[in-house]
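Visitor: I've got this one open on my screen. Can you walk me through it?
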Amino acid sequence: MQIRPITDKYAVSPQIDPADVPAIKAAGYTTVICNRPDAEVPMELQSAVMRIAVEAAGLTFVDIPVSHQSLNLGMVEAQFAAIDASAGPVLAYCASGNRCSIVWSLPQAEADRLLQTEPETFCHALDSAFAGTLGKTRLVSERAVFPLRRRLAKNMIQGRTLLLGDAAHAVHPLAGQGVNLGLRDVRTLRDALMLSKQKTGDALDGAQLARWARTRYSENTLAALAFENINRVFSNDNMALSLLRGRLLGLGDRITPMKNAMARYAAGL
Ligand SMILES: Cc1cc2nc3c(=O)[nH]c(=O)nc-3n(C[C@H](O)[C@H](O)[C@H](O)COP(=O)(O)OP(=O)(O)OC[C@H]3O[C@@H](n4cnc5c(N)ncnc54)[C@H](O)[C@@H]3O)c2cc1C
């Protein structure tokens, strides 16, 4: 069990076991929040089992299962309410202890400016940027800025080494497509290998590998530029652009085949 304190009153951890409860109690926690859906764990770690173990130790157990698909403001408020209602420190667990994290991407100059502002001004700007959906935030550690840079390896083959995943392409994280691009590198390589094996009974030769690398480089470059331009369009406050993107999104939402095709691409299918 790895408990990571976030504040004096709130800590997070990966999945816990009933055998961990005495140590959780000894560490002073009075409430345990389960943020992990039962479908992700075997029967012996599901919330009903954890509730019995936690309540038997005299602690409060609150079940707020969170998944990417189901996360909503009601869950955020339930989490805050459980923390507020707790007599003492709260431990929330999920698979990793990282169920919720956010990326706030800003132009460099704006990020540098916000880094220098008073904590209250910074939190106010963050709360406004997320339209209050994060609740009222406050700083618990030093702020840090990480530059986001497009990095595309022009050649994914170096001698007998193949570059795949982020080693070959680092793209803007806004679309959440980094892993999918890496998986596509692997899938297309596997398909090319299988085809070659079927046709020649042998692995890929240099020319076939070079063709694979060129195709991947094109797709990865296109994706990287598309994500950056989506970011440019959506982070621009220009009124006309804002109206236009609203219209385009509305239109895209109504054209079901287009919407489905985009959803399939984003899901890596
Ligand atoms: C803020 C942020 C949010 C993101 N959000 C999403 C998202 O929502 N969805 C999505 O699909 N993608 C997202 N991504 C992108 C995603 O994280 C990456 O595309 C993905 O992790 C790349 O996987 P990888 O295995 O290629 O590389 P990595 O995950 O970088 O793995 C490389 C591993 O190699 C290790 N390593 C490095 N050098 C050595 C060495 N010399 N010897 C041994 N080990 C070494 C590293 O420690 C690391 O563990 C996000 C990225 C960022 C920065």
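Predicted model: local features only at pLDDT ≥ 70, side-chain atom pairs only at ≥ 80, totals over all residues.

Visitor: Which residues belong to which domain?
Guide: Domain 1 covers 4-93. Domain 2 runs over 102-147, and domain 3 takes in 151-235.

Visitor: Switching topic. Which residues surround the ligand?
Guide: Val103 is one of them. Gly165, Asp166 and Pro173 are also in the shell. Then come Gly176, Gln177, Gly178, Val179, Asn180 and Gly182.

Visitor: How does that shell split by class?
Guide: Three residues are nonpolar, six are polar and one is charged.

Visitor: Now the helices. How do helix 6 and helix 7 cross?
Guide: Helix 6 is residues 178-200 and helix 7 is residues 206-234. Their axes come within 11 Å and cross at roughly 155 degrees. That angle makes helix 6 roughly antiparallel to helix 7.

Visitor: Left-handed or right-handed?
Guide: The crossing of helix 6 and helix 7 is right-handed.

Visitor: And which residues meet there?
Guide: Helix 6 brings Leu181, Asp185, Thr188, Leu189, Ala192 and Ser196. From helix 7 come Gln208, Trp212, Thr215, Arg216, Asn220 and Ala223.

Visitor: What classes are they?
Guide: In the contact of helix 6 with helix 7, five residues are nonpolar, five are polar and two are charged.

Key: Residues numbered from 1 in each chain as written. Axes fitted to C-alpha atoms, helices over the stretch in contact; angles between N-to-C directions. Helix = DSSP H or I, 4+ residues; strand = E, 2+ residues; numbered from the N terminus. Parallel < 35°, antiparallel > 145°, perpendicular 65-115°, else oblique. Left-handed = near helix turned anticlockwise from the far one by under 90°. Contact = placed C-beta atoms within 7 Å. Nonpolar A, V, L, I, M, F, W, Y, C, P; charged D, E, K, R; others polar. Domains from an automatic or database assignment. Near = placed C-beta within 6 Å.
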